[in-house]
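Trainee: I am new to this structure and would like to go through parts of it with you. Could we look at it together?

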Amino acid sequence: MNFLAQFQSASGIPGFVIAIPIFIAAALGLMALRPMERMRIRAALLLFVLSLMGLVAVATLASRGVRTDSRLYLWFDWASLFCLWIAFINVASVLLFDLLLSSLRLSPPRILRDLLLAIAYVIVGITLLSIPHVDITGIVATSAVLTAIIGLSFQDTLGNMMGGIALQMERAISVGDWIRVDNQEGLVREIRWRHTAIETRNWDTIIFPNSALMKAHVTVLGRRTGQPRQHRQWVYFNVDFRYSPAEVIDTVEKALCAEPIANVATAPLPNCVLMDFKESYCSYAVRYWLTDIAVDDPTNSVVRTRIYFALRRANIPLSIPAQALFVTEEELSREERKQAQETDKRARALKRVELFESLTDEERQQLASRIRIAPFARGEVMTKQGAEAHWLYIITLGDAEVRFSLDGKSEHLATLHPGDFFGERGMMTGERRSADVIALTDVECYRVDKDSFHDILRKRPEIAEDISQVLARRRAELEAAREDLTEEAKRARMRDHQGDLLQRIRNFFAL
């Protein structure tokens, strides 16, 4: 038998000489296609070269007449074949897991792959030992004892390994997830047998033992079943009490939603909320959903910039914690001037209200000194249909909507603006509210109570007749809008209502 035949026989693989270039070509091709696995493929090539060298040595021994059952020949042959099959298995694993399964979009856990490789190594080793009729009973018995000793000596290591198996098999944490552990946030780069590595935004890599990771509270950032990965961010800012929260929130939300912002989700939309009342300012927060968790600080910076310029355009300055001490020389005349100015302002508002046209200037001044300011936030119900309320509102700022509910359906009746008033029948007759009034914007009102008007009406009861006429006409107009009445029918309704309303006013005020 020549040397080549002896070499072919030593390898134990038919056509092994032809398989050499095929193996090398496959290994080089996989290195080009899968750069992440180059270290494994290089190790396989090194084992392959060592196996070739060993097989050459085995063939040389055979050609020089060394007995094939000698210990030297057997161990050289076994080691060479073991390295050869290990090289084949490593390249085949890259071909199977990283090329074929990856093309099918299947990604089995890394630990499962390592476990299968380990099982393959054991099978190959035992099989190769059994070929030359080596008694492996003693080896197995010795291995069992060594396994028990190793198990007792390396409990922590085995705990980490079991933790790694559980993490990958349960897929509670996967490579590519962003997680928070012990106030540390990072991207899971790999899950190995003993540890899990995460890469932080600070360009650091943190190594967590798998057993410690299994015991810790781990937050997977941005993960929700059936939803895209996005994480809610909070951006805080402060504004002085002098500016309406509704105006601040509306200004900020419009600015954030006007144009898309990179790495900010469009669903849910960014929103602004009032968080707290501080010593001298309101604390607000913008909440938005970050789509790329790696760039939280740069995106927060863009959002803060949008907030800053939006508030500047609205002439709303940002606030900082401060305390202001106002020192004034209080004089009776100064306080009286301020009070007189405010009373004149309210009296002018009353003069524009049709209900109080019949009042004298002195009576309006008297009523103005008793009315109160009543502010409402956008969306608040200013009065509720069916409620009992003995006062009326005069709108001085903002808009409101009048809605009528019947059989569970709500119908729009009118929109109220500054100068309009409502609730007059409740104040004058005690009648329950006939419709809902809802603030469309931030609204400021003057509130006129029954008790404030009582003294004026007792002194001049004839005012009740003028007021009943206004109430009758407004009630007829409301019914005409609701029932689509003709002009003639509306006038008839007004005449019918006036006598009734006049009597109810007299009864309600005990005139």
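This is a predicted model: local features need pLDDT of at least 70, side-chain atom pairs count only at pLDDT 80 or more; totals for chains, interfaces and linings use all residues.

Trainee: Is the crossing of H9 and H10 left-handed or right-handed?
Mentor: The way H9 passes H10 is right-handed.

Trainee: Which strands stand at the edges of the open sheet of four strands?
Mentor: The order in this sheet is S9-S16-S11-S14, and the pairing is antiparallel. A strand at the edge has a single partner strand, so one of its sides is left without a neighbour in the sheet. That is the case for S9 (372-376) and S14.

Trainee: Which residue in S14 stands opposite Ile 394?
Mentor: S11 spans residues 391-397 and pairs with S14 in the antiparallel sense over two bridges. Opposite Ile 394 stands Phe 421.

Trainee: Which element gives the most to the lining of the second largest pocket?
Mentor: This pocket holds about 500 Å³ of space and is lined by 22 residues. Strands S13 and S14 and helices H13 and H15 each supply at least two of the lining residues. With five residues, the element that gives the most is H15.

Trainee: How many charged residues does that lining have?
Mentor: Among the residues nearest the pocket centre are Glu 424 and Arg 474. By class, the lining has 10 nonpolar and four polar residues, and the charged ones number eight.

Technical notes. Residues are numbered from 1 along each chain as its sequence is written. Side-chain values use heavy atoms; hydrogens and water are left out. On a 1 Å grid over the protein atoms alone, a cavity is a set of points where a 1.4 Å probe fits but cannot get out, and a pocket is an open set with protein on both sides within 12 Å along at least five of seven lines; lining residues have an atom within 4 Å of a point. Grid points are joined across faces, edges and corners, and a volume is the space filled by probe spheres set on the points. Ala, Val, Leu, Ile, Met, Phe, Trp, Tyr, Cys and Pro count as nonpolar, Asp, Glu, Lys and Arg as charged, and the others, Gly among them, as polar. Two strands pair if DSSP finds at least two bridges between them. A crossing is left-handed if the near helix is turned anticlockwise from the far one by less than a right angle, and right-handed if clockwise.
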